Amino acid sequence: MPSPKAPTTLTGLIVATTLPYAEDPAAPAGLRPDLDRYAEHCRWLVGNGVHGVGPNGSLGEYSSLTDAERRAVARTAVEAVGGDALVVVGVHGPGAHQARAWAESAAEDGADGVLCLPPTLYRANTAEIVHHYTEVAKAGLPVMVYNNPLDTKVDLTPEILRELAAIDGVVAVKEFSGDVRRILHIREQAPGLEPVAGADDLVLEALLMGATGWFAGFPNVFPAASVRLYELALAGRLAEARALYEPLVAAFRWDSRTEFVQAIKHGMDLVGRPGGPCRPPRGPLPPDRLAQLDADMKQAVQAVQAIEDGR
């Protein structure tokens with residue numbers, strides 16, 4: 001088993017990175033992960049002030065990758081920004097043995113921590129959830145558990161998180177239930193666990209209620225503005241934070257919709273970043289959804305540009 005790393009606090013603004021593809025007839029669905037552009041994107045994000053990157057999350061389309069591709073993506077992120085920023089690798093898997101194996105690979109490759117859903121494809125009970133994270137923590141890296149009951153149908157309630165916080169190495173929770181009341185409840189039930197905002201369209205509310213980090217999607221499009229929002233919120237500068245947040249939140253709401261990957265990649269295309277297509281099962285947005293996304297993105301881009309022009 002890999003040697004454990006020193007304890008790491010998995011807070012700050014960590015970007016769940018998208019993955020660009022290059023056309024390649026020999027690759028699955030004719031799309032090959034473009035690791036050179038991915039490395040450049042990780043460096044660009046860190047250069048714009050974000051505190052870390054998260055390869056192989058849902059936004060990184062981990063479930064559409066082969067095992068070899070998935071490990072190559074994680075290694076690319078570590079090589080690109082490791083030492084300059086946190087690299088928190090998604091290690092989601094159907095069972096504890098798969099998730100632990102991915103966590104061990106992340107440790108071998110030099111990651112700073114891992115992000116892990118409860119068992120995917122199965123509605124686990126509390127004992128099974130505790131077992132799952134106990135096994136993942138044995139890899140020796142700090143673990144951020146990921147509560148996304150909308151997708152997994154497993155809700156990591158504050159009471160369950162209290163049990164998970166007792167596992168050595170479990171240090172944080174990415175909270176994506178959509179219920180901002182959870183932040184204070186988590187702090188009450190599991191005071192040793194760092195609550196991290198997981199939904200972009202609730203980030204200001206979560207940070208004001210005591211979240212200590214943001215594991216984010218739309219900073220792939222607006223990293224510098226997102227860092228500014230994060231810093232204003234933590235500093236309690238509410239009027240300035242709201243002035244920045246409110247014109248962005250229509251775009252941020254796409255982070256909580258089924259088509260969030262397509263939406264964020266399209267937003268990246270609009271600002272000249274490497275977004276591009278998704279692998280199946282995700283396909284292009286239908287015209288009506290694309291029109292709404294374009295309107296929301298136009299508002300956000302104009303707001304960010306106005307802020308940058310005013311500096």
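I take contact to mean heavy atoms within 4.5 Å, and I take helices (H or I, at least four residues) and strands (E, at least two) as DSSP runs numbered from the N terminus. The model is predicted, so I note that local features need pLDDT of at least 70 and side-chain atom pairs pLDDT 80 or more, while totals for chains, interfaces and linings use all residues. Residues are numbered from 1 along each chain as its sequence is written, and side-chain values use heavy atoms, with hydrogens and water left out.

Entry on the helix pair. I looked up which residues of H3 meet H4, and found Ala-96, Ala-99, Arg-100 and Ala-103 in H3 against His-131, His-132, Glu-135 and Val-136 in H4. By class this contact has 4 nonpolar, 2 polar and 2 charged residues, where Ala, Val, Leu, Ile, Met, Phe, Trp, Tyr, Cys and Pro count as nonpolar, Asp, Glu, Lys and Arg as charged, and the others, Gly among them, as polar. Helix H3 (residues 96-108) packs with H4 at about 25°, the axes lying 8 Å apart; axes are lines fitted to C-alpha atoms, for helices over the stretch in contact, with angles from 0 to 180 degrees between N-to-C directions. I therefore record H3 and H4 as roughly parallel to each other, the term for angles under 35 degrees.

Entry on the barrel. I traced a closed barrel of 8 strands, S1-S4-S5-S6-S7-S8-S9-S10, with parallel pairing, a pair requiring at least two DSSP bridges. The twist averages 25° from one strand to the next. Helix H4 (residues 126-137) packs on this sheet and touches strands S6 (113-116) and S7 (143-147), its direction making about 150° with that of S7.

Conventions: Angles under 35 degrees count as roughly parallel, over 145 as roughly antiparallel, 65 to 115 as roughly perpendicular and the rest as oblique.
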